[in-house]
Amino acid sequence: MEQVAASESERGQLVLRRREDGSIELRANGVFVMDTVETSTEVALAVRALGLHADPASVLIGGLGLGFTLQATLADERVRHVAVVEIEPALVGWMRDGTIEHGPALLADSRVTVHVEDVAVALREAPRSEYDLILLDVDNGPGYLVHDANAGLYRAPALEDARRATRPGGMVVVWSAAEATDLEETMGTVFGRFRTEAISYDVDLQGRPETYWLYVGHC
Ligand SMILES: C[S@@+](CC[C@H](N)C(=O)[O-])C[C@H]1O[C@@H](n2cnc3c(N)ncnc32)[C@H](O)[C@@H]1O
């Protein structure tokens with residue numbers, strides 16, 4: 001395993017490693033975040049959310065990661081603008097300068113703007129009704145936070161900010177690696193019980209079956 005790049009921020013250490021088979025993995029403070037081999041769930045977040053909307057022209061993605069949700073979003077020709085919000089400046093740099101090989105082509109798409117900041121702040125400061133879809137994939141779900149400070153994202157004030165930033169008819173979609181009944185309940189208070197949906201989907205992680213969840217708040 002070769003270390004390709006590393007950086008320190010106030011949140012700790014971010015490391016990019018290349019495996020013997022050429023695939024890349026991202027780790028934060030030693031904890032596995034994602035890799036370039038098993039990306040079906042990052043893609044599914046985009047494809048399933050876009051499938052819920054008739055005209056998803058404007059999309060916000062919280063968490064650039066290695067860019068697979070972004071790539072799947074850009075593959076939808078109905079999408080005219082994607083704001084990507086990523087908290088780690090180093091990761092955006094590695095995507096821009098080709099340290100992550102597929103990064104430059106992805107970020108060169110004229111529909112993409114990248115914001116280096118906390119998505120909670122971006123949502124708080126977003127104009128009302130700016131987006132058709134808001135996709136949040138910054139942790140492994142509310143039960144498995146990459147950064148403790150992200151806990152607030154799954155509470156009412158931040159979800160209210162997301163709702164306000166979404167056009168009527170749009171949706172806020174939160175990805176989770178596990179069933180998250182507390183989140184569903186909180187979203188029920190923010191979006192309305194009958195305007196909150198929990199969607200589970202099965203993925204095959206190289207022979208290992210897993211079930212992941214999307215929590216959808218309809219605006
Ligand atoms: C699981 S990865 C996202 C994967 C992405 N969907 C993809 O397709 O590659 C989570 C990303 O969210 C970022 N992140 C974590 N907390 C954040 C926050 N509060 N605001 C913005 N980005 C954040 C992490 O640095 C990481 O890049």
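Guide: First, some terms. Buried means under 20% relative accessible area, exposed means over 50%, and partly exposed lies in between, with a 1.4 Å probe and protein chains only. Helices (H or I, at least four residues) and strands (E, at least two) are DSSP runs, numbered from the N terminus. This is a predicted model, where local features need pLDDT of at least 70, side-chain atom pairs count only at pLDDT 80 or more, and totals for chains, interfaces and linings use all residues. Residues are numbered from 1 along each chain as its sequence is written, and side-chain values use heavy atoms, with hydrogens and water left out.

Now the helix. H7 covers residues 181–191, and its buried residues are Leu183, Met187, Gly188, Val190 and Phe191. Looking down the axis of H7, these buried residues fall within an arc of 165 degrees, so they line one face of the helix. The arc is taken from the directions that run from the helix axis to the C-beta atoms. An α-helix has 3.6 residues a turn, so residues three or four places apart point the same way.

Turn to the other side of H7. There Asp182, Glu185 and Thr189 are exposed. What covers the buried residues? The cover includes helix H6 (156–164) and strand S9 (166–176). It also includes strand S10 (196–205) and strand S11 (208–218). Just after H7 comes Gly192, with a positive phi of about 105 degrees.

One of the covering strands deserves a stop. Tyr212 sits in strand S11. Tyr212 is buried, at 11% relative accessibility. Contact means heavy atoms within 4.5 Å. Not counting residues up to four places away in sequence, Tyr212 touches Thr41, Trp175, Ser176, Ala177, Ile199, Ser200, Tyr201, Val203 and Leu205. Tyr212 and Thr189 are 23 residues apart along the chain, and their C-alpha atoms are separated by 23 Å.

Next, the cores. A nonpolar core is a set of buried Ala, Val, Leu, Ile, Met, Phe, Trp, Tyr and Cys residues joined through side-chain atoms within 4.5 Å. The largest one has 43 residues. Leu16, Leu70, Trp94, Leu135 and Val173 have the most contacts inside it. H1 gives the most to this core, with five residues. A second, separate core has 27 residues, among them Leu60, Leu183, Val190 and Phe191. Leu183, Val190 and Phe191 are also among the buried residues of H7.

Leaving aside neighbours within four places in sequence, Trp94 is in contact with Ala5, Ala6, Ser7, Leu14, Leu16, Leu26, Thr99 and Ile100.

Now go to strand S3 (residues 24–28), where Ile24 is found. Ile24 is buried, with a relative accessible area of 8%. Beyond its neighbours within four places in sequence, Ile24 is in contact with residues including Val4, Leu16, Met34 and Leu66. How far is Ile24 from Gly192? They are 168 residues apart in sequence and 40 Å apart in space, C-alpha to C-alpha.

The loop between S3 and S4 holds Asn29. Asn29 has a positive phi of about 50 degrees although it is not a glycine. Asn29 is partly exposed, with a relative accessible area of 42%. Gly30 lies in the loop between S3 and S4 too. Gly30 is partly exposed, at 49% relative accessibility.

Last, the open space. On a 1 Å grid over the protein atoms alone, a pocket is an open set of points where a 1.4 Å probe fits, with protein on both sides within 12 Å along at least five of seven lines; lining residues have an atom within 4 Å of a point. The largest pocket has a volume of about 820 Å³. That volume is the space filled by probe spheres set on the points, with grid points joined across faces, edges and corners. Of the 41 residues that line this pocket, Val33, Met34, Glu42, Asp139 and Asn140 are the closest to its centre. S4 gives the most to the lining, with four residues.

His147 brings us to one more loop, between strand S8 (131–136) and H6. His147 is buried, at 14% relative accessibility. Not counting residues up to four places away in sequence, His147 touches Arg11, Glu88 and Asp139.
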